[in-house]
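Hi,

Here is the model I promised to pass on.

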Amino acid sequence: MIVTIDGVAASGKSSVSSGVARALGIPYVSSGLLYRAATLLGLEAGVDLHDAPALLALLDNHAPRLEPLAEGNRVWSGTRELTDALHSSRVDAGVSVVAVLPELRAWVDAQLRALPEPFVAEGRDMGTNVFPHAGAKFYLTASPRIRAERRARERPEDIPAIEAALVRRDAKDQVQSAPAPDAQVIDTGPLTLEGVIGVILEGLGEVGKA
Ligand SMILES: Nc1ncnc2c1ncn2[C@@H]1O[C@H](COP(=O)(O)OP(=O)(O)OP(=O)(O)O)[C@@H](O)[C@H]1O
Ligand SMILES: Nc1ccn([C@@H]2O[C@H](COP(=O)(O)O)[C@@H](O)[C@H]2O)c(=O)n1
């Protein structure tokens, strides 16, 4: 069984997926972390982020590996842990450039499709492109201001700057970010984290009964 949780930037995908995965006793996988790892390696190597062959060569050399722990995914390159470096504003600003490259999307998709079921998959196109046959699909939204207020608790920038960066990233990610027609769309704005997890677990109960 695969459950997909897609949504816009900072809509709560990772936190919600972790909670749902823990409740179900299965792993979750964050596809965004793989795009972020490719971006970080490109930035560190001084590679042009539009240059797909150069990025793929870096991925070949550094072989970033996703560790899909339910309490929080981690990413490794050999013995070096990349996880903490993947959520900087520099990576946020560059990742959408990398994510539009078809070669990079194919690389991420291949990593994800090689994983053994069951799992919760979160990202932008999990329910549409990568796992269209998933057993249950969800899509998270919230207003840019609410998302920025939440993110401001984790970042040094102020709320208007965070909001502007989120809106820019949403626009750049728009092509791959449409909800699947069969996804349940959840506005997380009025809900707590536990509330969103509860709505999804309830939705999964309904899927089980169908
Ligand atoms: N319903 C909610 N109520 C309050 N805070 C929330 C809720 N959902 C998520 N958060 C908080 O919002 C922040 C962003 O959540 P999270 O990192 O899970 O989003 P994301 O969609 O995975 O982000 P990104 O797209 O940047 O990877 C976190 O601090 C998280 O704890
Ligand atoms: N399925 C996906 C997942 C992510 N992306 C791109 O990666 C960026 C970071 O993802 P987060 O989930 O950590 O926000 C995101 O902004 C997209 O550019 C994607 O294209 N498809």
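Which residues come nearest to ligand 2? They are R36, R105, R169, D173 and Q176, out of 16 residues around that ligand, where a residue is near a molecule if one of its heavy atoms lies within 4 Å of it.

Some housekeeping before the rest. This is a predicted model, where local features need pLDDT of at least 70 and side-chain atom pairs count only at pLDDT 80 or more, while totals for chains, interfaces and linings use all residues. Residues are numbered from 1 along each chain as its sequence is written, chains are lettered from A and ligands numbered from 1 in the order in which they are written, and side-chain values use heavy atoms, with hydrogens and water left out.

Back to ligand 2 and its polar contacts (pairs of N or O atoms within 3.5 Å). An oxygen atom of the ligand sits 2.8 Å from a polar side-chain atom of R105, and for R124 the distance from a polar side-chain atom to a ligand oxygen is 2.9 Å. S31 has a side-chain N or O atom 3.1 Å from a nitrogen atom of ligand 2.

Ligand 1 has 18 residues around it, with K13, S14, S15, R151 and E154 the closest. R169 places a polar side-chain atom 3.0 Å from an oxygen of ligand 1, and R36 has a side-chain N or O atom 3.5 Å from a ligand 1 oxygen. At T192 the polar atom belongs to the backbone, 3.5 Å from a nitrogen atom of ligand 1.

Helices here are DSSP runs of H or I with at least four residues, and strands are E runs of at least two, both numbered from the N terminus. The axes of α2 (residues 31–45) and α4 (residues 89–99) come within 8 Å and cross at roughly 105°; these axes are lines fitted to C-alpha atoms over the stretch in contact, with angles from 0 to 180 degrees between N-to-C directions. The two helices are therefore roughly perpendicular, a label that covers 65 to 115 degrees. On the α2 side the contact (heavy atoms within 4.5 Å) includes Y35, R36 and L43, and on the α4 side V91, D92 and V98 are among the residues.

Lastly, there is an open, antiparallel sheet of three strands in the order β3-β4-β5, where pairing takes at least two DSSP bridges between strands. β3 (65–67) and β5 (80–81) are the edge strands. Three bridges join β3 to β4 (residues 74–77), and R65 has W76 as its bridge partner in β4.

Cheers

Methods
Angles under 35 degrees count as roughly parallel, over 145 as roughly antiparallel, 65 to 115 as roughly perpendicular and the rest as oblique. A polar contact is a pair of N or O atoms within 3.5 Å; within protein, one must be able to donate a hydrogen and the other to accept it, and residues adjacent in sequence count only if both atoms are side-chain atoms.
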